[in-house]
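Subject: Handing over the structure

Hello,

Here is the structure I promised to pass on. Please have a look at it first, and then read on for what I found.

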Amino acid sequence: MNVDWTSFWPRIVEATGQTITMVIATLIFGSILGIIMGLLLFVTRQNNILENKFVFNLLNLIINIIRPVPFIIFLVAISQLTRLVVGTTIGTAAAIFPMTIVASFTIARVVENNLVSIDPGVIEAAQAMGASPMRIIFTVLIPEALGPLVLGLTFVTVTLIDFSAVAGTVGGGGLGHIAMTYGYQRFDASVMIVTVLILIVLVQLAQWLGNTVSRKIMRR
Amino acid sequence: MIEFKQVSKTFRLGKREVHAVKDVSLTVEQGDIYGIIGFSGAGKSTLLRLVNLLERPSEGSIEIQGVNVTSLSAKELRKQRRNIGMIFQNFNLFNSRTVAGNIAYPLKLAGTPRHEINKRVEELLRFVGLADKAKDYPDQLSGGQKQRVGIARALATNPDILICDEATSALDPDTTADVLRLLKQVNREFGITILLITHEMEVIQSVCTKVAVMENGEVIESGGVFEVFTDPQHGTTRRFIRSVQQDLPSPNVLAEWRESGGGKLYRLQFKGPVANEPVLSTVTAKHGITFNIVYGSVRELEERLFGNLIVSFLGAPAAVQNAIKEIATLTDIGEVQEIER
């Protein structure tokens, strides 16, 4: 049984909008939380500017607990918490919550990895000039790591497009939902092809944008 | 000016303790270019970082202009650090900032108004000869240019002290000479006291006024560069000096000399004004003997001459002995032993 494309097309457009909303909202919230956690992880490391064993070990532990859990399981596992925070477990808003949590921990690691690759000598130079730890975070760590960080966030964005499709299958809406209900359960190959093509285009767009911005920052 | 008082620094590596600096007492006077030399692992880098407390001493104190820096609060310390410029072996420039942005950074930290920052940056760029590179990024510069930016950045806040961590070790000989000339100029024009560490005796020889030799965390010898170079007390010091001035022919040449029946060899050293006088020719002429210079050099240290000659005397043994006695009253002379260590 095939869909009637003239009436179905608006649903595709709407679903694409939902997917983009989920990804962008998650990226914004996840980046805020993730960058804060990544910075904390980095500066509280041993011999770093705000060394703090307790904070470092705690954050490290939480991240290591959450990250290995497959997203689809995590999504279901925290549904009670999602209901508590968002009020519902169905729909785009409900998908954004678990996506943000997972994204922020992933971003925290990405940020940490990028910061670790900064030459410690540069941080030492800033300290020698009398920069406070906060000053170093905002005027040295972030600007020096920004180029690779944008690439890292681009990578996360592509993963988020993937996550949004997963969330879609369990009631999150978006292209994943369409693909599952029409493409998979009703065996409509044309819907499947269209959604996959749109997802590919979205990924390409995100990657292109990320590459362009990071190249500009890194002047390469 | 900078006073290390019985300073020790111990690192803990797991259960092992590493004594990087052991009971060092050292005074750097205002206007000095003080060099600390040592092989890698001697503790000189740690010692240097104690000056601006990038490392905290385990024992002892460091006083800068009479202020014990170890007792400063975090805020006071940050202010104090603006008075101590620092340059590094790997330059440590901010890659995300332009040359001008790098130099402006310490001024921004100090809360300098924008128009003053611009003026100062321009001034410094001209001083280090990079006026046309203001908008370049560090990765577009050569090593020597990067270090010039490093120096300009370190001087931005008009510090009294400049500390240099192997500042020329990553540079080729020509560029090293350029950077050393610039450091000398910094010292002369602005009266900035310089404390540098290096493993190259050439650096000490060409710019320093005072030197301390470090080994295993301890200062084993220190003093004026001229005194230490012309009269080293310690084996390690002699090794460093030999790295820049070979003061004896190689063992092969010496052996050949002896095999071919060459006579006894004497070492004459002329320090300071006596190097300008024709001691050797006057005395030998007086005693009716002649001399043969087998090997030798005259160098300039701290703008004083230092001559080192290996000679043999030809003539009646008694006359040679008398001549040597007379030379000994005028300058240092001694027989060259088989193997000098």
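This is a predicted model: local features need pLDDT of at least 70, side-chain atom pairs count only at pLDDT 80 or more; totals for chains, interfaces and linings use all residues.

Residues are numbered from 1 along each chain as its sequence is written, while chains are lettered from A and ligands numbered from 1 in the order in which they are written.

Let me start with the domains. Chain B is assigned domain 1 (2-244) and domain 2 (251-335), with bounds from an automatic or database domain assignment. Their C-alpha centres are 40 Å apart. Seven residues of domain 1 of chain B meet six of domain 2 of chain B, a contact being two residues whose C-beta atoms, placed from the backbone, lie within 7 Å. On the domain 1 side, helix α8 (residues 225-230) of chain B gives the most, with four residues; helices (H or I, at least four residues) and strands (E, at least two) are DSSP runs, numbered from the N terminus.

From the record, an unreviewed UniProt entry annotates residues 2-241 of chain B as "domain: ABC transporter"; such annotations may be inferred rather than shown by experiment, and the positions follow the numbering used here, with feature names shortened. This span is 38% helix and 28% strand, and its end C-alpha atoms lie 26 Å apart.

As for the chains, 17 residues from chain B and 17 residues from chain A make the contact. In chain B, α2 (74-81), β6 (84-88) and α3 (99-109) each give two or more residues to that side.

Best wishes
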